[in-house]
Amino acid sequence: RVLQLMNLTDSRLAQAGNEKLELAMLSFFEQFRKIYIGDQVQKSSKLYRRLSEVLGLNDETMVLSVFIGKIITNLKYWGRCEPITSKTLQLLNDLSIGYPFGKSSQIFGKRENSVRKLVKLSAVQFMLNNHTSEHFSFLGINNQSNLTDMRCRTTFYTALGRLLMVDLG
């Protein structure tokens with residue numbers, strides 16, 4: 001239901017949006033990421049079957065595509081709203097780091113494979129190729145730049161840097 005609501009609210013963002021609702025959706029995405037995305041999740045779980053039936057999201061890659069689409073939408077429409085921008089960038093950062101697996105070096109290789117799915121998404125390629133204020137207003141040079149703006153930029157470019165480095169190993 002949250003994903004269906006997200007589709008509805010995102011289609012109306014050009015007219016108006018609700019900051020509290022957006023922050024709630026981002027909290028949902030964060031919890032969903034922690035629980036249902038990663039190599040440790042059984043691909044035959046009931047959740048993925050239900051997502052396939054209701055929304056046509058057949059696998060983790062399609063769900064990641066929805067996440068990245070939401071991140072891009074938020075950065076485009078909410079770039080001047082610091083709470084939403086920060087939380088959106090934290091989600092991007094968490095996705096670029098990988099999934100929580102533990103400390104084993106055997107598991108470390110799985111993390112790399114999971115993040116590799118992200119890099120292959122066209123929406124991620126869009127971000128990697130179009131990281132300017134034209135597409136993401138919070139990147140604009142502002143005479144009144146404050147510490148929060150700089151932190152947001154740092155988080156954004158750190159995540160993009162991680163995604164660029166995936167193929168380099």
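The side chains of K70 and E22 meet in a salt bridge, with N and O 2.6 Å apart; the term stands for a side-chain nitrogen of Lys or Arg within 4 Å of a carboxyl oxygen of Asp or Glu. The pair links distant parts of the chain, since K70 belongs to helix α4 and E22 to helix α2, 48 residues apart. Helices here are DSSP runs of H or I with at least four residues, strands are runs of E with at least two, and both are numbered from the N terminus. K70 and E22 are both buried, where buried means under 20% relative accessible area, exposed means over 50%, and partly exposed lies in between, calculated with a 1.4 Å probe and the protein chains only. For E22 the relative accessibility is 1%.

This is a predicted model, in which local features need pLDDT of at least 70 and side-chain atom pairs count only at pLDDT 80 or more, while totals for chains, interfaces and linings use all residues. Residues are numbered from 1 along each chain as its sequence is written, and side-chain values use heavy atoms, with hydrogens and water left out.

The surroundings of E22 can be described through its contacts, a contact being heavy atoms within 4.5 Å. Setting aside residues up to four places away in sequence, E22 touches T9, D10, L13, K70, N74, W78 and I84. Salt bridges that share partners join D10, E22 and K70 into one network.

D10 leads on to helix α1, which covers residues 2-11 and in which L3, M6, T9 and D10 are buried. Seen down the axis of α1, these buried residues fall within an arc of 120 degrees, so they line one face of the helix; the arc is that of the directions from the helix axis to the C-beta atoms. The buried residues of α1 pack against α2, α3 (46-55) and α4.

The whole structure holds six salt bridges. Side chains of opposite charge can pair when their charged atoms come close. One of the bridges joins R50 and E53, whose closest N and O atoms are 3.2 Å apart; R50 and E53 both lie in helix α3, three residues apart, about one turn of the helix, and both are exposed. Another joins K117 and E60, with the closest N and O atoms 2.8 Å apart. K117 lies in helix α6 (residues 105-120) and E60 in helix α4, so this pair ties together parts that are 57 residues apart in sequence. K117 counts as partly exposed at 25% relative accessibility, whereas E60 is buried, with a relative accessible area of 2%.

Rings of Phe, Tyr and Trp (its six-membered ring) pair if their centres lie within 6.5 Å, and planes under 30 degrees apart count as stacked, over 60 as edge-to-face and the rest as tilted. The rings of F29 and F67 have centres 4.5 Å apart and planes at 70 degrees, so the pair is edge-to-face. F29 lies in helix α2 (residues 19-36) and F67 in helix α4 (residues 60-77), so the pair ties together parts 38 residues apart in sequence, and both residues are buried. F32 and Y36 form a tilted pair, 5.2 Å centre to centre with 50 degrees between the planes. Both lie in helix α2, four residues apart, about one turn of the helix. F32 is buried, with a relative accessible area of 6%, whereas Y36 counts as partly exposed at 31%. One aromatic cluster is formed by F28, F29, F32, Y36 and F67.

Leaving aside neighbours within four places in sequence, L139 is in contact with H131, T132, S133, R153, F156 and Y157. L164 lies in helix α8 (residues 147-165) and is exposed, with a relative accessible area of 51%.

Taken as a whole, the protein chain has eight helices and zero strands. Buried residues make up 40% of its 169 residues. Among contacts between residues at least 6 apart in sequence, 64% join residues at least 24 apart.
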